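Please look through the sequence and the structure below before reading on. The report that follows takes up a few parts in turn.

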Amino acid sequence: MTTAQSRPITPAWAAGILGRADGLATASHATFVVLVAASAVRYLSGHGFGDQAPWVLAGAMALLVTYAARRVLPGRVWLALLVAGWFGLVLLAPSFAWCAVPLSFVALRVLPFRPACVVVAAMVVTTVVTWTRMSDRLDPTIVLGPVCVAVLAVGAYRVLERDALARQSLLDELRAAQGDLADAQHRAGVLAERARLSREIHDSVAQGLSSINLLLQASDSEWESRPAAAREHVAQAAATARDGLDEVRRVVRDLAPAELATEPGGSALPAALRQTCERLATHSEVEVRVQVHGTPVRLGPEIETALLRTARGALANVLEHAAASTAVVTLTYQPDAVTLDVRDDGRGLPEHPRSTAPDRGRGLAGIRSRLQELGGTLVLESEPGEGTALAASVPLERP
């Protein structure tokens, strides 16, 4: 939006929109001074320094002084003094009638259009009357010349004013549209950031808490019969809680997962996948294997984070819901894309899945949304009793 500091300062004597046109104002000032001086010289050359010469020169000087006071006088008062002084000079010396041309532009700049037209018409009538008195007969050019000049001047000024108003209206609409666009972008950014944080929390905190819950339930059931195994489950739960705390801190700082930050060079994704699978397999009866095909290359933190989050989310679903004995994570590097496949031999997805809680079932939607932001795709295939296959693909060059 336009602020008061960025708006051009309009002088008090310039009420019209074209009052801020510096080129037009400068030309009007120069024209008025030149015509007053030329009219005075013409009068002296024709009449000499007679009885009225001092009055004419004094009136011309007073008219110039009044014109120079445009910045210290109120606009309409200044215009009234100018017009009154001009009327007096024209009655003494009709040569000053030519000064009506720049005074017409002054009236159009200071007054609203219709009152300005009245002032211009009065000056035209005065000019015609004074010039007709000097002629022995009625000269059509004396009558029609000032009228045509006035009509052309007023018409041209009116067209310029309307064009300026139209441009100003377009500028105001553009500023308003820019403000609305900025607000819309801000709201879209807030929504996108909320969606990103929701995915990050689901893939880090929620999955970690789910693992801790499973470990504590296992330790509770084995606390008396197998105390050593129960203590091992508790230790694993504590380690998972520490990892979750580190992950939360990294999410807050908007950094990559901890595993991806430990690799000094090359691609950290294969090692991060193996570390994740090993940690998940330690407190589960599911055998998790990792396979890497192709030559690992550095994918960038966004792609590697997305694929690692995808693998974690898929494995968390396998361990918690699939009742599988084996899960295979396959990472394939291709020339134009990288793919991640997670397959299990569990019971597969039901034909009509029902969420057991209102906050469940967001993992796949979050994975798909994250991949789509990178130009990738997610394909899920499952048959009841025959396991589930999840395939995520991300192009190496984002479209």
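## What follows helix 10

In this predicted model, helix 10 is followed by Ala-323, a residue whose phi is positive, near 55°. Helix 10 itself covers residues 301-322, 22 residues in total, and from its first C-alpha to its last it reaches 30 Å, which is close to the 32 Å expected at 1.5 Å a residue.

Five strands form an open sheet with mixed pairing, arranged in the order 1-2-3-5-4. Strand 1 (287-293) and strand 4 (377-382) stand at the edges and have a single partner strand each, so one side of each is left without a neighbour in the sheet. On average, and with direction ignored, neighbouring strands of this sheet are turned by 10° against each other.

Strands of a sheet pair through backbone hydrogen bonds, either parallel or antiparallel. Strand 3 (residues 337-344) and strand 5 (residues 388-395) run antiparallel and are joined by eight bridges. Asp-344 has Thr-388, in strand 5, as its bridge partner.

## How the helix meets the sheet

Helix 10 lies across several strands, namely strand 1, strand 2 (326-333), strand 3 and strand 5, and it runs at about 10° to strand 3.

## Cysteines

A disulfide is a covalent bond between the sulfur atoms of two cysteines. With a pair of cysteine sulfur atoms within 2.5 Å as the requirement, the count of disulfides comes to zero.

Definitions and conventions:
Residues are numbered from 1 along each chain as its sequence is written. This is a predicted model: local features need pLDDT of at least 70, side-chain atom pairs count only at pLDDT 80 or more; totals for chains, interfaces and linings use all residues. Side-chain values use heavy atoms; hydrogens and water are left out. Helices (H or I, at least four residues) and strands (E, at least two) are DSSP runs, numbered from the N terminus. The expected span of a helix is 1.5 Å times one less than its number of residues. Two strands pair if DSSP finds at least two bridges between them. Axes are lines fitted to C-alpha atoms, for helices over the stretch in contact, and angles run from 0 to 180 degrees between N-to-C directions. Contact means heavy atoms within 4.5 Å.
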